[in-house]
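Here are a few notes to read alongside the model.

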Amino acid sequence: MNIENFETIVVETDLLILGGGMAACGAAFEASYWAKKNNLKVTLVDKAAMERSGAVAMGLSAINLYLGLKNGKNTVEDYVNYVKTDLMGIIRDDLVANIARHVDSSVHLFEKWGLPIWKDDDGNYINEGRWQIMIHGESYKNIVSEAAKNALKELGENGRYYERIFIAEPIMDGDRCIGAAGFSVRENKFYIFKAKSVLDTMGGAVHVFRPRSVGEGLGRSWYPPFNSGASAYFTLKAGAEMTCQEVRFVPVRFKDSYGPVGAWFLLFKSKATNAKGEDYMETRAAELEKWAPYGTAKPTPANLRNYLMLLELEEGNGPIYMHTEEAIKKLVAEIPDEKEAKRKLKELESEAWEDFLDMTISQALNWAAHNIEPENTPSEISACEPYFISSHSGASGAWISGPKDLAPSEDYHWGYDNMTTRKGLFAAGDASGASSHKFSSGSFTEGRIAGKSALVFCVDNPDSVNLSNDKINELKQRILQPLTTFETHKNYANDEDVNPNFIKPKMFMFRLQKIMDEYAGGASVNFKTSKPLLEKGLEFLQYMKEDAEKLAAKDLHELMRAWENVHRLWQAESHIRTMLFREETRWPGYYFRTDYPEMKDEWKAFANCRWNPETGEWEMIKREIKELT
Amino acid sequence: MPSFVINEKCDGCKAQDKTACQYICPNDLMVLDKEKNKAYNRAVEMCWECYSCVKICPTQAIEVRGYADFMPLGAVVQPMRSTDAIMWSVKFRNKKIKRFKFPIRTKPEGSIEPDAGFDPGTDDLKSPLLRTEPESLGTELYKK
């Protein structure tokens with residue numbers, strides 16, 4: 001493809017929302033309201049179709065964050081303490097509290113918009129666990145995106161959304177973010193979005209580490225494979241400070257298809273055991289004391305539950321089973337009336353299948369393929385591979401300003417809620433760090449908070465931004481370079497993928513995954529790493545950074561893949577550097593530093609990092625944890 | 001091969017500028033072979049098995065064959081999605097069949113009003129209150 005044929009389209013807006021997932025939809029809903037009052041423009045850019053984009057594309061069977069504040073069920077402080085324990089003390093209380101105090105409002109909106117929420121006979125939501133409520137969520141994203149689109153429509157000409165545009169790079173003017181550059185994945189069009197403020201909500205990162213399945217099953221990651229590190233790359237490249245880049249998430253899920261375990265553990269009160277039938281949470285309880293106070297708190301942090309399971313596997317005690325059959329038997333046995341018990345069994349069966357069909361259909365297919373009926377047969381569970389997702393039990397993302405009325409001091413608050421350390425650049429959802437456990441409802445809510453805040457920035461900074469044609473041309477040449485590289489060299493060899501002059505995105509990704517898996521504590525080494533291994537991995541990443549200049553793409557789809565993998569590479573580098581910086585083991589079920597096998601008081605702190613755009617150097621920054629409660 | 005297209009049933013979405021599956025795939029995998037006028041999944045190893053293409057296909061031409069890395073052959077999980085519910089048929093390898101039906105939305109598609117009947121709330125840009133709060137919250141906003 002010849003890039004001379006690419007049209008350049010410049011879109012000017014006030015607020016630019018990057019992404020189309022839950023956080024982006026929350027931002028569009030909220031910002032549209034404030035933009036209308038202030039006659040401002042809001043533009044949203046999604047790499048896919050909003051109706052089914054982002055991590056909720058397939059649907060969900062539960063909303064994992066609902067406090068029930070209006071009924072006095074929980075307090076904001078309760079939630080902050082729960083999240084803090086789960087993350088072994090490393091969270092920003094102010095950010096978690098800010099999401100928690102607003103999140104019920106979002107859930108009430110979802111219900112009014114038409115999301116079916118399970119209710120008891122008195123009309124109260126049915127809880128799965130303390131914070132989780134059950135939904136019929138097949139169309140969760142369809143509903144939320146419709147509300148976001150309708151909110152943008154209220155702005156008339158001033159509210160627009162673009163689909164199938166891939167954002168490759170931030171556009172900076174000194175320390176201010178003034179837009180984003182990308183391309184259509186469907187037409188030969190290069191896009192420049194100029195904005196007064198930019199909100200990064202482009203999701204977390206998958207396929208940085210080698211997945212356990214590497215054939216067709218490569219795509220069956222727990223978190224979606226289309227979330228490819230765009231958020232982290234955008235803020236890193238802008239020169240913004242990042243936090244918790246070491247805090248990956250390794251979920252334990254049903255083996256191979258990675259179906260959800262939440263309903264089984266929380267709603268059905270199921271137990272997991274080793275092959276001998278031993279409940280390792282009981283037999284290995286003493287291990288948890290080493291990780292006190294978090295290890296001895298209830299509920300046990302996710303990473304420690306993983307860790308005890310990994311110890312079982314290391315001793316050869318696998319497979320690990322979720323005893324679905326025992327859980328169902330027990331629930332049915334509680335009902336004395338035989339007819340009533342039969343009805344209950346039918347209901348539980350339907351609930352069990354819906355849990356998968358709503359959010360991980362592949363797991364239902366897996367059960368059917370193995371003739372598994374959960375009421376009769378237990379199912380294997382397993383740790384997935386590492387992902388970067390701050391909306392769940394990971395924490396990686398940009399270091400952002402907290403709300404004025406909740407932030408404990410000035411180093412947690414510098415003007416606008418959710419603004420990164422770069423002017424006009426905001427982050428929410430998986431893009432903002434140290435505010436874990438937001439899940440779908442909290443991500444939408446954080447998008448709302450950030451959307452309003454970024455709109456305030458536009459009101460306070462009304463002057464239009466300047467971007468020269470030279471800069472636009474430079475961005476165009478660079479972003480479309482993989483097409484040029486392919487065009488220039490394609491006739492040299494008789495195989496379009498094997499050519500000494502370039503590397504294709506797929507093999508580039510495999511190389512990255514191999515390095516990360518083997519040196520940075522991936523699944524195949526049981527998540528263990530050390531300084532010598534990390535340093536070796538970092539050395540190999542430098543070759544990858546050089547080879548990234550030789551990525552080649554034969555078409556627009558491959559051009560997107562090329563940039564996705566550049567984004568993953570930066571996520572990977574910040575991860576390795578931060579794991580090296582934190583000289584301890586704090587989340588043993590996520591990664592284990594064999595050279596520093598214990599948790600240390602001196603590391604009850606944030607490990608932050610920043611890539612300096614002026615020097616190209618990385619800075620590592622240790623920041624104090626300041627608590628709200 | 002995760003999602004696949006049944007030749008006999010796919011009509012390439014006839015005169016549309018793009019096929020329904022192309023429109024919806026969150027990973028940009030579905031494409032139309034213009035010569036054959038049939039859609040196909042161009043990179044099955046990047047497919048999440050999210051079924052978005054299966055659910056949207058107007059001729060029910062798309063199915064999913066489970067990832068061959070770890071699934072034995074023979075099972076089929078197929079949805080029929082209507083305006084307010086989804087029906088699933090689950091066929092086991094041993095031929096057993098189970099059917100389930102779940103609601104998907106309580107309001108018709110296209111009818112959503114963003115404020116959903118809540119009072120839109122404050123005009124104050126500097127207030128921590130968000131659109132529709134405090135009514136949508138049902139209580140006062142938490143303060144330190």
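**Notes on the predicted model**

1. Of the contacts in chain A with a separation of 6 or more, 76% are between residues 24 or more positions apart.

2. On overall build, chain A has 18 helices and 21 strands. Its radius of gyration is 24 Å, close to the 25 Å that the globule rule gives for 629 residues, so chain A is as compact as a globular protein of that length. If you want the outline, the C-alpha atoms of chain A fill a box of roughly 75 × 55 × 50 Å along the principal axes. As for burial, 61% of the 629 residues of chain A count as buried.

3. Now for the partner chain: 71 residues of chain A are in contact with 62 residues of chain B. Several helices of chain A each supply at least two residues to the side that touches chain B, among them helix 1 (22-38), helix 4 (140-153), helix 11 (338-359) and helix 18 (556-581). Helix 3 of chain A gives the largest share of that side, eight residues. By class, the residues of the side of chain A that touches chain B come out as 35 nonpolar, 18 polar and 18 charged.

4. Helix 2 (residues 76-86) and helix 3 (residues 93-113) of chain A pack at an angle of about 130°, their axes being 9 Å apart. That angle makes helix 2 of chain A oblique to helix 3 of chain A, and the crossing of the two is right-handed.

5. Which residues of helix 2 of chain A meet helix 3 of chain A? From helix 2 of chain A they are A:Val76, A:Tyr79, A:Val80 and A:Val83, and in helix 3 of chain A they meet A:Asp93, A:Val96, A:Ala97, A:Ala100 and A:Arg101. Sorted by class, this contact of helix 2 with helix 3 of chain A has seven nonpolar, no polar and two charged residues.

6. One residue to check by eye is A:Ser453, which lies in helix 13 of chain A. Is A:Ser453 buried or exposed? A:Ser453 counts as buried because it has 27 C-beta neighbours inside 10 Å, where 20 or more is the cut-off. Leaving aside neighbours within four places in sequence, A:Ser453 is in contact with A:Tyr416, A:Asp417, A:Asn418, A:Met419 and A:Phe426. Take A:Tyr416: A:Ser453 is 37 residues from it in sequence and 6.0 Å from it in space, C-alpha to C-alpha.

Terms used: Residues numbered from 1 in each chain as written. Chains lettered and ligands numbered in written order. Predicted model: local features only at pLDDT ≥ 70, side-chain atom pairs only at ≥ 80, totals over all residues. Axes fitted to C-alpha atoms, helices over the stretch in contact; angles between N-to-C directions. Helix = DSSP H or I, 4+ residues; strand = E, 2+ residues; numbered from the N terminus. Parallel < 35°, antiparallel > 145°, perpendicular 65-115°, else oblique. Left-handed = near helix turned anticlockwise from the far one by under 90°. Contact = placed C-beta atoms within 7 Å. Nonpolar A, V, L, I, M, F, W, Y, C, P; charged D, E, K, R; others polar. Rg over C-alpha atoms; globule rule 2.2 N^0.38 Å. Buried ≥ 20, exposed ≤ 12 C-beta atoms within 10 Å, placed from the backbone.
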